[in-house]
Amino acid sequence: MKHIIQNKSVFKACIFLCCFAVLFSSCKKYLTEKPTTSFSADFVYNTPDGLELGVVALYNLYRSFYEDGEWNSTVPFLLQAKSDLVIGRTGETSLFSILTWGASLSDYGTTRYGFYWDTYYKIIDRANAVIKGAENVQGISEDQRNQILSEAKCFRAQSYFILYRLFNNIFVTTEPTTPENAFNIINNKSPEDSIFGLINSDLDFAISHLSWTTPDFGRFTQATARHIKAKVAMWQQNWQEAKTQSEAVINSGFYSLVPNTKDVFKGDLNNSETLWAIQYESLTFGGGSPNRFNFLSIPQYGAIPGSQYDNSEGGRGAGFLLLNNYLRDLLAQDPNDDRANNSYYISYFTYNDPTTLPPGVNIGDTIRVYNEFSTSASERSNWFARLNPGCRKFSQDDAIPTQASQIKNIMVYRLAETYLIAAEATWRISQNNSDALALQYLNAVRERAHAAPLDTIDQQTILDERGRELAFEGQRWYTLKRMGVMISQMQQYAGYGAPGIDPPAFPVPRQVQARTRIQPYMVNWPIPVAEIRLLGPNYPQNEGY
């Protein structure tokens, strides 16, 4: 059974969230609530036990972001859709991938960006409250105080980092919302140096006080904090800091790449590569709600006669968001690369249902009944819906195969990305395309997948390897923006078809619409109208909206 963070505290944490999450909603909203339990604000923020409860509640609040099931779990899966590696075939998710939604303040999808703004500012506000309480509480050991502060500061730093990368024009505060300040108006965004100053200060504290590992799988560790700090340093172009932090994790002796790609996402993710994962447990109070991430990213192969949904082939899918030909080509560049061979991604399906098996085929034969290049529109449509390669990083091993909603731990940070950060940082410092150490880090990831080692490295090499290794993990949009290539990559590869062809011959024109709709200002998300109305009248909207 998966080990949920401090399972004995989850019930209390859930009650705590119900009582106190309303204290901070959107930007600055305040509602007076009379608690219906014994967990008063005085207990939570002024006692050691209450502060411990507050930290557990932060994990639950963060996890709740992934539990929004609206539109088939589209909103928490939105970053996976806004990428140069996917084809948005159909459904709500595809409307973000082709920028029909989320491109302007006037379209319906853009309002869902408020879910990101609202969620992470809620986490920040509750982290501020825990931090302030922990700094002043009496009758607590310094070790316990520092542990509470470290975890809360990790949440605050991570949340500000997410908001900055998405919205750019953000404000920072270290004060929790109170009746006295609830209606204070935020009149301007914070300077970039103030944003990064607070993020780095919080992470430095956490690095100094967190242990490398924890018996409570799912909690922040020193490795988590160092990995986040390496990512922050990359955004600041502080290559030496990124190299220092990533190498510290790699050389810590506590983490290693899982030997086989097929095992990285198996089970509860409690393995040597995981630096932080969000935890779930089915049929358990406080265990979290199922999502449809796997349903979105696996095709409908079970609808083909002779086939039925099976966990060995990813379980049930709807095929809303699948691998596009650009990612498929990246994976196919080395025929020995096993990431597409039913480990991270699944590139072919087999007949496995003897009760509906068509004549002339056998159990275990590869299904080839449709052709993506057929002149028949219906046959092409069937291929993309049912046989297009999919991502199985979210497949639950013990799920009911025909079930659309599943509950599985979600990977947030892992060591393979740490290696790729170290590779890039080392290369950027040396500016040597043959840098032996940079190649060593890059090739560690490739060789684990049985891909041949490379002998040169540059930005495109790194970008391509990050695509192969980390696709569908929610990192790609950030990477494209950081490297300054979001517009060019989207214009060439978004959706389906050969670069520069608009529309391609197959499948249909709508699936390349992102190529022409993407505009330079879209590297920042708009602050939704509902959120910006809560800010000062002169608070700056992002350019272009």
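**Figure 1. Cysteines C391 and C154 in the predicted model****.** C391 counts as buried, since its relative accessibility is 0%. C154 is likewise buried, and its relative accessible area is 0%. In this predicted model, a search of the whole structure for disulfides returns zero.

Figure 2. G314 has a relative accessible area of 1%, and because buried means under 20%, G314 is a buried residue. Leaving aside residues up to four places away in sequence, G314 touches N294, I298, Y301, R392 and S395. F295 is 19 residues from G314 along the chain, and the C-alpha atoms of the two are separated by 9.0 Å.

**Figure 3. Packing of helix 10 with helix 11****.** The axes of helix 10 (residues 222-235) and helix 11 (residues 239-250) come within 8 Å and cross at roughly 160°. Because angles over 145 degrees count as roughly antiparallel, helix 10 and helix 11 are roughly antiparallel to each other. The crossing of helix 10 past helix 11 is left-handed. On the side of helix 10, the contact is made by A223, R226, H227, K229, A230, A233 and M234. Helix 11 contributes W239, E241, A242, Q245, S246, A248 and V249. The residues of this contact comprise eight nonpolar, three polar and three charged.

**Figure 4. Packing of helix 10 with helix 15****.** Helix 15 (residues 415-430) packs with helix 10 at an angle of about 35°, and the two axes lie 11 Å apart. The crossing of these helices is left-handed. From helix 10, the residues H227, A230, K231 and M234 take part. Their partners in helix 15 are E417, T418, I421, E424 and A425. By class, the residues of the contact of helix 10 with helix 15 are four nonpolar, two polar and three charged.

**Figure 5. Helix 18 and the glycine that follows****.** Eight of the eight residues of helix 18 (residues 476-483) are buried, so the helix is largely enclosed by the rest of the structure. The buried residues are R476, W477, Y478, T479, L480, K481, R482 and M483. After helix 18 comes G484, which has a positive phi, near 75°.

Technical notes: Residues numbered from 1 in each chain as written. Predicted model: local features only at pLDDT ≥ 70, side-chain atom pairs only at ≥ 80, totals over all residues. Heavy atoms only, no water. Axes fitted to C-alpha atoms, helices over the stretch in contact; angles between N-to-C directions. Helix = DSSP H or I, 4+ residues; strand = E, 2+ residues; numbered from the N terminus. Parallel < 35°, antiparallel > 145°, perpendicular 65-115°, else oblique. Left-handed = near helix turned anticlockwise from the far one by under 90°. Contact = heavy atoms within 4.5 Å. Nonpolar A, V, L, I, M, F, W, Y, C, P; charged D, E, K, R; others polar. Disulfide = S-S within 2.5 Å. Buried < 20%, exposed > 50% of the residue type's maximum accessible area, 1.4 Å probe, protein only.
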